[in-house]
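I opened my notebook to go through this structure piece by piece. I wrote down each thing I looked up.

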Amino acid sequence: MDFQVVVLAGGESKNLAPLVSKEIPKPLMPVANRPVLSYVLELLEANNLKDLIVVVKGKDAALQVGGWISGAYVDRLHVEVAAVPEETGTADALRAVAHHLTTKDILIVSGDLVSDVSPGVVAATHRRLGAVVTALFCNTPVSGPSDTGSSVKDKGRKPPRVNIVGLDQTRQYLLHVAAGAEVDKDIKIQKSLLRHKGQMEIRADLMDAHMYAIQRKILQEVLDKKEMFHSIKHDVFPYLVRTQLKSEVLDHEEPRNGLNGEAYSPNKLDPRIAILNNKTHKCCAYIANKSKYCSRLNSVQAFCDINRDVVGEAGHLSGYSFSAQNNIVHSSAELGSKTTVGPHCMLDGGSKLGDKCSVKRSVIGRHCRIGSNVKIVNSVVMNHVTVEDGCFIQGSVICNNVQIQERVVLKDCQVGEGYILTSGSEYKSESLSKR
Amino acid sequence: MAQKKTHRPSADDPEVERIPLQAVLLADSFAQKFRPITLERPKVLLPLVNAPMIDYTLAWLESVGVDEVFVFCCAHSQQVKSYLENSQWTKQPGVFSVATIESHDAISAGDALRVIHEHGVIRGDFILISGDTVSNMSLAKALYEHKERRKKDPHAVMTMIIKQSKPSVLTHQTRLGDDEIVMAIDPETKELLYYEDKVDLSQRLILLDKMLLVENGAISLHNDKQDCYVDICSLGVLDLFVDNFDYQHLRRHFVKGLLVDDIMGCKIFTHEIQSSYAARVDNFKSYDTISKDIVQRWTYPFVPDVRYLGNGLQIKLDREGIYKAPDVVQSRSAHIDAFTVLGNATTVGDNTKISNSVIGQGCIIGHNVVIEGSFVWDNVTIEDGCKLSHALICDGVHLREGVILEPGVIISFKVEVGQNIVVPTYSKVSLLPQPSKQDSDEELEYADSNTGAIESTSMATVMNTSKLDFALGTSDANISGKPEFQGSGPGYIWSSSEGGTEEECRQSIAPIPAGKLLELLQSKISDNNAPDQDMIITPASGELLPDSESTFGDGDDDREYVDFEKEVEATFQRGLTGVEKENVILEINSLRLSCNMEQADCAGALFHSIMKQALVAPYSCKNELYANTIKEIIKWGDLLKHYLTTTDEEFEVILKFEDICSGTTRDFAPLFSNILTFLYDKEILSEKAILSWAQEKEGADESDKIFTKQAEQFIKWLREAPEEDDEDDADA
């Protein structure tokens with residue numbers, strides 16, 4: 001398929017502090033001990049989309065990401081890594097790589113997408129409907145621990161609303177989008193669009209998965225013309241949806257003689273013909289099946305959720321094979337006596353657990369040293385972490401090289417790279433990091 | 001009909017059988033769209049393809065298994081009653097009973113339902129329908145759904161019947177001539193969430209309350225649905241009308257009122273009919289459309305040749321949809337085209353062409369007449385050489401030789417039109433004068449055309465304005481050309497209603513002329529090419545991350561605030577004219593709630609009004625202005641203080657003051673410090689607020705600091721003051 005893919009991988013995301021650091025930029029954050037970017041890359045590879053440009057924010061991060069990609073995907077994908085400065089919007093990032101784009105259609109994918117929705121289907125829908133832009137929407141994931149005991153009070157809550165989407169009857173054409181701050185305001189629907197289609201389904205339960213198939217010419221024209229557009233999601237995409245009935249992007253593709261008034265005069269008598277001549281373009285949506293997994297790693301909560309899901313209900317994404325206990329324990333991991341590793345857990349190579357430990361619904365990275373009588377529930381522990389005896393860790397994220405001394409209790413905390421927790425301390429809902 | 005009864009849905013369902021199914025039929029549309037005809041005959045008795053409209057409605061009600069019908073009549077109630085008494089409906093024995101309820105002071109559907117509630121005849125769910133509805137749908141499913149919903153949720157008070165009908169993109173009206181309706185419906189439960197039948201065409205956007213989506217994951221928004229004006233109501237609907245005595249219009253007040261009101265929690269649901277027919281004769285255009293639908297048999301079995309309706313004469317259906325009653329005398333050379341109905345004992349002369357028209361009983365049509373797309377009622381005489389196109393001719397009209405009726409003409413009862421007169425397009429001719437214009441405003445739209453009081457006054461006022469004998473002219477510039485009604489009786493040409501020609505051509509019998517369509521098309525295209533105003537609503541986010549929360553323009557809030565400020569000012573002005581201070585406070589408070597504003601916004605807006613008031617009195621130098629301002633502040637200080645409970649609000653006032661000085665009225669600028677000091681002295685502003693304002697401004701731009709500089713001394717004094725206060729306290 002002659003789609004070029006632009007992967008917007010991000011850099012040191014502020015939303016994810018303190019989990020991202022110089023050493024681990026956002027694209028390399030571990031999801032089940034694999035960089036999150038690998039999920040997108042492998043998904044693209046599986047769909048035979050192999051011509052990629054990965055845009056990373058920040059030079060250092062780009063070097064790291066480039067190094068990792070060239071190591072891991074050397075013969076498999078044709079990848080160019082481009083660095084853009086920090087504080088660059090997604091549209092600006094595309095502007096920076098626009099001169100590399102050559103194919104008729106471009107697929108823009110966010111680097112933090114963890115999904116099994118085939119981008120090939122999105123691309124095919126785009127081509128089939130002759131759309132200017134096609135976006136992937138999926139059902140909003142319910143965040144937070146799904147079925148653990150602690151979440152009883154959250155049972156009744158509704159998924160957060162991230163997008164408001166207007167679709168036509170066939171659910172193929174996109175008539176309205178609202179994102180960001182607009183979501184919480186009253187809904188404003190363009191009447192002309194409603195009249196055009198007669199009916200519109202407005203949904204709040206869909207999430208924009210940040211996968212857009214878009215015609216290159218149009219993308220480049222919008223990027224050139226609208227310099228104040230900084231974001232694909234907030235500016236370019238809504239702009240295209242908004243102007244679909246009076247397209248400003250198709251001008252030059254219309255035959256020139258059409259602008260000549262005399263050439264049109266016979267048609268003027270028949271209003272229908274004149275309406276057809278009106279410039280319109282199509283914006284489409286591909287709505288992923290409910291059974292598909294689709295999530296974006298764009299917050300600390302999402303990081304925990306995705307890690308839990310990938311070793312749990314969406315286990316097929318991780319690429320590992322699960323043991324009979326429904327967990328993944330690396331052969332080189334050592335477990336002390338009376339230590340249990342529950343289902344939906346992952347324990348990677350070289351890690352050691354002492355006696356009488358209990359691990360539930362958690363991911364533990366490589367070469368961790370975990371003492372005795374440690375309980376780890378619903379947490380992510382990255383690599384080279386030392387946890388001494390008698391600690392209790394729940395709902396937390398522990399970054400690389402953290403030292404946790406004896407009898408520390410952590411609940412819903414994030415501990416940044418290399419932090420040292422002194423013995424006996426207790427934290428709740430805190431974000432701990434060196435700086 | 002006896003056969004039909006055995007097929008009643010109630011026969012199958014024991015539960016339905018216990019409660020007789022009732023229907024309320026409103027034999028009054030509470031509108032004036034069929035004037036001048038309705039001045040003389042009630043709308044429900046106007047013939048629709050040679051049978052009174054009410055017969056279609058009653059026949060349908062009987063066919064869906066209704067047991068009792070209460071016909072509410074108001075205008076011309078005697079005519080309706082006597083018609084029903086002599087008709088098959090009351091004479092025939094059987095389960096189906098028709099009773100009339102009469103009221104003379106009802107001016108709206110709301111009043112009608114309140115009267116019906118007083119009578120206490122309705123015992124359960126009922127069908128609410130207006131007497132001008134033509135339908136052939138089966139109600140069993142809708143009724144079942146309604147009852148099932150009622151079992152689960154007693155708040156589901158009403159089920160509305162809707163039908164697919166996409167309005168024209170150009171004219172924004174359905175084929176029935178109704179304006180487009182925007183409805184939001186829950187796709188799963190079919191609950192109606194939003195209803196707007198008066199869509200403001202100048203607005204490009206539809207605003208939906210965000211709360212709609214909070215409660216529903218998805219809603220579907222339609223403008224391709226037509227409201228059939230057939231409702232299945234529960235008894236609670238009558239109570240709602242009694243409780244809310246200001247509900248007048250069934251849709252505009254009742255439906256919208258229920259949708260907005262979330263205290264009672266009443267819900268309205270919709271039922272969409274797919275293949276069956278339901279439509280209401282609401283205006284001349286729908287009269288035309290529905291007549292043609294009947295002739296083309298969309299409403300089967302309610303068609304002329306089936307003996308449900310009218311006088312029971314056997315009407316014969318020829319090919320090409322030509323219906324002929326017995327005793328039609330037709331010249332050999334007369335040419336009757338497709339989709340034409342000829343009534344009983346009608347004579348058609350030589351070389352006459354009739355197409356797409358309905359001709360009533362006992363008409364005499366001369367030679368060489370051309371009739372197309374027209375409706376000719378009973379006992380009409382059309383002399384030789386007349387040309388009728390898309391006209392409506394009432395009973396007893398006499399058209400002399402060579403009369404030409406242009407498209408959209410309405411000729412009311414017994415008018416005589418003299419030889420060779422050309423009646424211009426969209427004219428309405430009646431023997432009765434047009435009521436004066438002032439009763440055609442919004443309030444009185446519900447006023448029925450024929451309630452005695454209005455009638456008599458209008459008769460008196462109009463007499464001298466547009467009365468025309470023999471030579472008939474026009475008082476209105478909308479109608480060009482003044483026809484001479486030679487040798488005929490007196491008549492009046494009615495001037496067009498408030499909608500002007502625009503409305504007339506939209507709701508006329510005649511199709512919209514091509515020229516008009518072209519005009520609309522051009523305006524639409526130019527509209528499309530116009531710069532898009534809603535672009536501005538979403539400026540570039542300028543944010544870094546794809547998932548960043550961008551701060552969209554506060555344009556909306558600003559606009560809201562400006563509106564709010566205007567309202568407050570208006571309230572304040574009322575306060576000047578002597579309204580009690582408590583009432584002003586009350587009004588402002590309710591404004592605040594309705595506009596969703598903060599207490600601080602109130603204070604700011606009120607302060608703004610006071611300062612504006614100070615400008616009203618004449619002044620020549622700044623000292624006079626100062627004096628005026630002081631006066632106003634003293635006068636309204638108490639009112640203002642009511643809103644200044646915390647420092648935040650006082651802070652807002654200072655900011656507002658700064659705004660006024662730097663923006664709208666620069667006259668205050670030199671007085672800023674003085675007035676500020678005065679406000680402090682009067683204890684309207686506390687020193688804390690002033691100091692925090694000064695502090696806030698310290699970091700601001702130089703241009704922003706003009707006023708802090710002006711008030712520097714005062715602020716300095718304030719800063720030192722606290723210590724003095726303390727000392728004072730210590731001394732005391």
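**Entry: what I am looking at.** I am working with a predicted model. I keep that in mind for every value below.

**Entry: chain B overall.** I looked up the make-up of chain B first. Its secondary structure comes to 24 helices and 36 strands. The chain has 732 residues, and 44% of them count as buried. Next I checked the contacts in chain B with a separation of 6 or more. Residues 24 or more positions apart account for 58% of these.

**Entry: a sheet with strands from A and B.** I then traced an open sheet of 6 strands. I read its order as S10(A)-S9(A)-S12(A)-S12(B)-S9(B)-S10(B), and the pairing is antiparallel. Which strands are at the edges? They are S10 (174-179) of chain A and S10 (192-196) of chain B, and each pairs on one side only. I also noted the angle between neighbouring strands: on average they are turned by 15° against each other, direction ignored.

Entry: Which residue is the bridge partner of A:Gln199 in S12(B)? I found B:His222. As a reminder to myself, strands of a sheet pair through backbone hydrogen bonds.

**Entry: cis peptide bonds in chain B.** I found one joining B:Arg35 and B:Pro36, with omega about 5°. B:Pro36 lies in the loop between strand S1 (22-26) and strand S2 (47-48) of chain B. I noted another cis bond joining B:Tyr300 and B:Pro301, where omega is about 10°. For B:Pro301, the loop runs between helix H12 (284-295) and strand S16 (316-318) of chain B.

**Entry: positive phi.** I checked A:Asn378. Its phi is positive, about 55°, although the residue is not a glycine. A:Asn378 lies in the loop between strands S24 (375-377) and S25 (380-381) of chain A. Is A:Asn378 buried or exposed? A:Asn378 has 21 other C-beta atoms within 10 Å, so it counts as buried; the cut-off is 20 or more.

I found B:Val49 in the loop between S2 and strand S3 (51-52) of chain B. B:Val49 is buried because 26 other C-beta atoms lie within 10 Å.

Notes. Residues are numbered from 1 along each chain as its sequence is written. Chains are lettered from A and ligands numbered from 1 in the order in which they are written. This is a predicted model: local features need pLDDT of at least 70, side-chain atom pairs count only at pLDDT 80 or more; totals for chains, interfaces and linings use all residues. Two strands pair if DSSP finds at least two bridges between them. Helices (H or I, at least four residues) and strands (E, at least two) are DSSP runs, numbered from the N terminus. Axes are lines fitted to C-alpha atoms, for helices over the stretch in contact, and angles run from 0 to 180 degrees between N-to-C directions. A residue is buried if 20 or more other C-beta atoms lie within 10 Å of its own, exposed if 12 or fewer, and partly exposed in between; C-beta atoms are placed from the backbone. Two residues are in contact if their C-beta atoms, placed from the backbone, lie within 7 Å.
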